[in-house]
Each structure stands twice: as C-alpha cells, then as structure tokens.
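This report describes how two chains meet and then looks at one residue. Please view the sequence and structure first.

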Amino acid sequence: MAKVLVVTSGKGGVGKTTSTAALGAALAHGGEKVVVIDFDVGLRNLDLVMGAERRVVFDLINVVQGDAKLNQALIRDKRMENLSLLPASQTRDKDALTEEGVARVLGELREKFDWIICDSPAGIERGATLAMRHADVAVVVTNPEVSSVRDSDRIIGLLDSKTEKAEKGERVEKHLLLTRYDPARAERGEMLKVDDVLEILSIPLIGIIPESEEVLRASNVGSPVTLNNPGSAPSKAYFDAVRRLKGETVEMTIPTDRKGLFGKLFGRRAA
Amino acid sequence: MNLMSFFQRRTSAPVARERLQILLAHERGVVGGKSDLVAVLREEILAVVRRHVSIERDGVQIKMNRGADMSTLEIEVEIPAPASAGA
C-alpha cells in the first residue's frame with residue numbers, strides 16, 4: 001500500500017515544487033514506484049519543473065471529474081520509468097477539485113504506486129487542505145526567514161487538525177525540510193540557524209537543503225535537481241532526506257558545493 | 001557613514017528568533033486548537049455583564065499572555081458612570 005506524502009508550507013516560493021520533484025526523483029532512483037501530483041490548480045508548475053509541460057493532455061481535474069481515465073492523465077517520466085506525474089489544470093476553476101473526487105483518485109493511485117507525493121499550493125485555503133487531507137506523511141518546507149517560519153507554524157496546526165488522520169485521532173508524521181540555507185550566513189548571525197527554526201517549530205528535521213545555483217539550473221532545464229546533477233550539494237541533501245523518509249538513520253550534514261579558486265573569484269550567485 | 005557601524009554591524013538573526021518566539025506564542029494561543037479562545041471569552045463575558053449593567057461592546061478588553069511557567073488572563077471591563085448607565 002502506498003504512502004501518501006504531502007509537500008507543504010504556508011508561504012509561497014519556499015521550494016515546495018522543487019522539493020516535490022527532487023524527492024520524487026530521488027525516491028524513484030532508489031527503485032520505488034512514485035507518482036507526483038500537482039494540486040496547485042490554476043497555477044500549475046510541477047510539469048514545468050519536471051520537464052513534462054509539453055506532454056500534458058489530461059490533468060487531475062479531468063480525472064476527478066471523470067472526463068479522463070487515470071491512465072490517460074498520468075505522464076511517465078522520460079528518464080525514469082518508475083516516476084510518473086499527474087499534472088494540475090491551468091485553466092479550470094480551482095473549485096473543480098472535490099473532496100470525494102480527490103479521495104477516489106488517491107485510492108486508485110494507492111494500488112499502483114509505492115509513494116504518492118502531493119505538491120500543495122501555498123496558503124491555508126481549500127487547495128492546500130485538500131492536498132494534505134489524506135496524507136500519511138507531511139514534509140513542511142521552510143526557509144530560514146521569519147514569514148516562512150510563521151506560516152509553517154500555521155500549517156503544522158492544520159496538519160494536526162484538518163487531516164483525515166487527525167480527525168481519526170491519529171497523527172500525520174511531520175518533518176521539517178529547511179531550504180535555501182546558507183551555513184556561513186547563519187554562523188555570522190545573519191540568518192536563523194537550524195536549531196532556532198527547530199526550536200520554534202518543534203517538528204523533526206528531515207533535511208537541510210543548502211542555497212545553491214544548482215537548484216535554478218535544474219529548473220531552467222526542466223529536470224528535478226536530484227536527476228540533473230546527483231552529485232551537487234542540494235541533490236545530496238535531498239537523497240539523504242529520502243533515506244530518512246524511508247526510516248534510515250543518516251547523520252545530518254550540510255553538503256556544500258566545492259568551488260575552486262577560479263569559481264570563488266569569478267563565480268556569481270544565482271538569484 | 002559612521003565607520004564604526006560598519007564594523008559593528010548588529011546581527012539580525014537573534015532579533016528574528018526573538019520576534020518569532022513572541023509572535024508564535026501569542027498566535028498559537030489564539031488560533032491553535034480551540035478557535036479564537038479570546039474572542040469567544042470576550043463575547044461570553046460581555047453577555048454576562050450585560051445582564052446586570054449596560055456596557056459598550058468595546059468595554060471589555062481581554063489579554064492573554066503565555067509564559068513558560070505561568071500564563072495570565074487579564075480581563076478589563078469598563079463600566080460607564082451611573083448617570084449615563086441609565087437602565
């Protein structure tokens with residue numbers, strides 16, 4: 001039976017879609033059958049980050065509304081055959097997602113895959129609550145930045161109250177994924193430290209993704225960062241996070257991109 | 001530009017940390033679990049006091065402070081002067 005994982009955050013732009021793609025590809029790399037679902041109806045982007053934007057014919061809403069079969073809408077990744085994408089609709093009304101429809105689609109997917117990774121829209125409204133509703137595991141993506149931490153706190157509250165598990169008196173397994181972390185700035189006191197964020201949010205840490213040019217480079221070319229450059233610092237961090245998701249104990253380190261003298265002198269920061 | 005301030009730039013992360021801790025301690029009390037405890041309390045206190053004294057809607061102020069060891073609930077009911085209280 002598949003595990004349903006929701007990648008969520010209160011604030012937008014913290015790296016949910018990037019992380020969904022990266023974690024999905026890393027899990028698939030380990031041989032698991034993975035599907036990533038874009039719940040961001042109206043503003044779909046997961047297809048773009050996965051490099052499948054030109055292959056979208058049917059989408060999640062078509063399947064929810066019964067206009068297309070699940071198999072027609074699933075896009076199999078060209079690089080990895082055990083990785084699939086269920087895209088979001090860009091044109092349809094976001095209210096077209098119904099709770100029963102989502103439950104039915106997830107039920108069907110549970111029989112076909114080992115992992116179902118739901119990319120949540122930002123915010124605390126219906127789309128976000130639908131994405132987390134059936135989750136077994138949640139990865140809360142947070143930047144070391146005040147507004148992101150505050151909004152994550154709200155989302156953790158929702159995970160504890162608005163999910164199916166919470167309503168049954170069970171707990172959704174929650175993990176913190178800290179993205180865009182710069183250890184040097186944290187050391188200088190210019191950025192919240194990992195421990196600060198952990199103390200404030202008090203959920204277990206699943207990974208620290210260092211700020212890196214690789215992330216933008218990978219999304220530019222439409223490839224999950226873990227496939228595009230598996231040796232890069234953010235990829236290593238995502239691979240470690242996946243091992244922890246699977247229950248392994250892996251020492252928490254912050255990988256860094258090694259730069260030669262030339263790179264240090266002339267390298268530019270990605271935005 | 002003051003040269004000293006360049007060298008003694010204050011670090012901002014501790015400030016961020018402190019602001020977040022205060023803010024979230026407050027928000028968790030209000031938002032978390034029971035929806036808006038303070039607002040509910042306020043309405044109920046208002047109703048009870050109004051049975052005996054006529055008061056304005058904003059005559060009831062409630063503050064909740066959550067500390068590590070002790071939390072305080074501060075209730076302030078403003079009762080108008082007898083002359084204007086009338087009823």
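How many residue pairs are in polar contact across the interface of chain A and chain B? The rule finds 5, with both residues at pLDDT 80 or more; a polar contact is a pair of N or O atoms within 3.5 Å, and within protein one must be able to donate a hydrogen and the other to accept it, while residues adjacent in sequence count only if both atoms are side-chain atoms.

## Basis

This is a predicted model, in which local features need pLDDT of at least 70, side-chain atom pairs count only at pLDDT 80 or more, and totals for chains, interfaces and linings use all residues. Residues are numbered from 1 along each chain as written, chains are lettered from A and ligands numbered from 1 in written order, and side-chain values use heavy atoms, without hydrogens and water.

## The interface

Chain A and chain B each give 14 residues to the contact (heavy atoms within 4.5 Å). Between them, 2 salt bridges are counted, a salt bridge being a side-chain nitrogen of Lys or Arg within 4 Å of a carboxyl oxygen of Asp or Glu. Asp196(A) forms one with Arg17(B), with the closest N and O atoms 2.5 Å apart.

## A buried lysine

Lys174(A) lies in strand S7 (residues 173-181) of chain A, strands being DSSP runs (E) of at least two residues, numbered from the N terminus. Lys174(A) counts as buried because its relative accessibility is 10%, and buried means under 20% relative accessible area (1.4 Å probe, protein chains only). Its side chain makes a polar contact with the side chain of Asp160(A), at 2.8 Å.

Notes: Helices (H or I, at least four residues) and strands (E, at least two) are DSSP runs, numbered from the N terminus. Buried means under 20% relative accessible area, exposed over 50%, partly exposed in between (1.4 Å probe, protein chains only).
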